[in-house]
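This report looks at a few places in one protein chain. Please keep the sequence and the structure at hand while reading.

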Amino acid sequence: MPKFRMISITLILFLSLLLVGCANDEKDSDKSEENLGEVLEYTITGIEPGAGLTQLAKDTLEEYDNLKGWKLEESSTAGMTTLLGEAIDNEEPIVITGWSPHWMFAAYDLKFLEDPKGTLGEIEGIHTIVRKDLEKDMPHAYKILDAFQWEVEDMEAVMLDEQDSSFDEAAKKWVDENQGKVDEWIEGTDMVEGEEIELVSTPWDSERASAYVMKTVLEQQGFEVTITDVDPAIMFQAIANGDADATVAPWLPTTHGFLYEEHKEDVLDLGVNLNGTKNGIAVPAYMDIDSIEDLPSKE
Ligand code: PBE
């Protein structure tokens with residue numbers, strides 16, 4: 001056989017093997033993408049129906065073409081974190097609606113998926129919002145609420161302590177250890193005698209931490225404080241119609257933005273009490289995707 005023929009046959013053989021190899025590769029990755037969608041049952045594991053984040057996740061399903069046919073499984077934060085823990089124990093894929101600050105990021109190696117359409121918002125803040133006549137009716141409480149400002153690390157310290165005590169105790173401990181900061185909030189206010197004040201909040205640990213710290217500080221100043229946990233929509237309504245005096249729980253401008261828009265004429269926003277919160281679609285770090293757009297489409 002002439003040498004050049006030998007070489008070309010070898011070459012053709014080699015090239016065809018290479019092609020088969022590539023085709024197989026393609027098939028494999030198609031298959032694993034398809035599998036990921038099927039394994040996940042095209043489902044994002046969500047939280048409470050009334051959460052701002054649930055609304056943002058629904059908007060996300062509508063905005064991304066690749067998420068057509070996907071669904072959001074609404075349940076509760078406890079339900080979501082249980083499923084997340086089980087998936088991680090088994091190194092299985094899971095896609096959740098997540099947020100920070102929350103212990104899930106300390107307990108597990110998670111990543112937020114990139115959100116090129118920005119449907120889940122940027123880094124945002126938690127605001128203090130009060131009823132319109134609060135300054136007139138309770139000037140000292142108003143002043144304390146207006147001055148209230150702390151950091152993500154402070155909130156995380158309360159949430160961590162709570163895990164082996166209670167929010168009440170964890171907040172008292174934080175106040176004891178941070179009396180310098182608290183002194184700035186109460187500066188220029190007088191003690192009162194048993195004046196009743198009603199705080200309204202939402203049922204997540206981050207907001208329990210801030211509500212209990214505010215309760216502790218107001219109690220030190222002589223107030224009688226109640227905290228009521230409700231859905232974000234009820235929280236805004238309660239402040240707007242004067243059923244509650246104040247909240248330190250709304251996440252703005254995105255998470256509860258639609259509720260703020262609805263009630264902004266009837267409430268007073270005293271601005272940010274904590275900066276640096278974030279919402280997102282999150283997955284365990286071992287999953288091989290980085291963006292919401294990497295989630296395989298169903299069709
Ligand atoms: N969260 C935590 C809440 C606010 C605090 C992000 C789950 C929400 O989505 O309404």
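## Aspartate 245

The backbone nitrogen of glutamate 198 is 2.8 Å from a polar atom in the side chain of aspartate 245. The model is predicted, and such distances are computed from it. The side chain of aspartate 245 also makes a polar contact, at 2.7 Å, with the side chain of arginine 131.

Where does aspartate 245 sit in the chain? Its place is the loop between α11 (232–240) and β8 (246–247). Aspartate 245 counts as buried because its relative accessibility is 10%, and the cut-off for buried is under 20%. Setting aside neighbours within four places in sequence, the residues in contact with aspartate 245 are Val130, Arg131, Leu134, Met138, Glu196, Ile197, Glu198 and Ile239.

## Alanine 246

Alanine 246 belongs to strand β8. With a relative accessible area of 0%, alanine 246 is buried.

Which residues are in contact with alanine 246, leaving aside its neighbours within four places in sequence? They are Ile129, Val130, Leu145, Glu198, Leu199, Val200 and Ile239. For valine 200, the separation from alanine 246 is 46 residues in sequence, while the C-alpha to C-alpha distance is 6.3 Å.

## Helix α10

Helix α10 covers residues 205–220, which makes 16 residues. From its first C-alpha to its last, α10 reaches 22 Å, close to the 22 Å expected at 1.5 Å a residue. After α10 comes glycine 222, which has a positive phi near 100 degrees.

Is α10 mostly covered or mostly uncovered? Twelve of its 16 residues are buried, and the helix is mostly covered. Among the buried residues of α10 are Asp205, Glu207 and Lys215, and also Ala209, Ser210, Val213 and Leu218.

## Nonpolar cores

The largest nonpolar core has 71 residues. Which of its residues touch the most other members? They are Leu145, Trp150, Val213 and Leu218. Val213 and Leu218 are also among the buried residues of α10, and Leu145 is one of the residues in contact with alanine 246.

Not counting residues up to four places away in sequence, tryptophan 150 touches Met155, Val158, Trp174, Trp185, Ala209, Ser210, Val213, Asn273 and Leu274. A second, separate core has twelve residues, including Ile129, Ala238, Ala244 and Ala249. Ile129 is also one of the residues in contact with alanine 246.

How values were computed: Residues numbered from 1 in each chain as written. Predicted model: local features only at pLDDT ≥ 70, side-chain atom pairs only at ≥ 80, totals over all residues. Heavy atoms only, no water. Helix = DSSP H or I, 4+ residues; strand = E, 2+ residues; numbered from the N terminus. Buried < 20%, exposed > 50% of the residue type's maximum accessible area, 1.4 Å probe, protein only. Polar contact = N/O pair within 3.5 Å; in protein donor to acceptor, adjacent residues only side chain to side chain. Contact = heavy atoms within 4.5 Å. Expected span 1.5 Å × (residues − 1). Core = buried A, V, L, I, M, F, W, Y, C linked by side-chain atoms within 4.5 Å.
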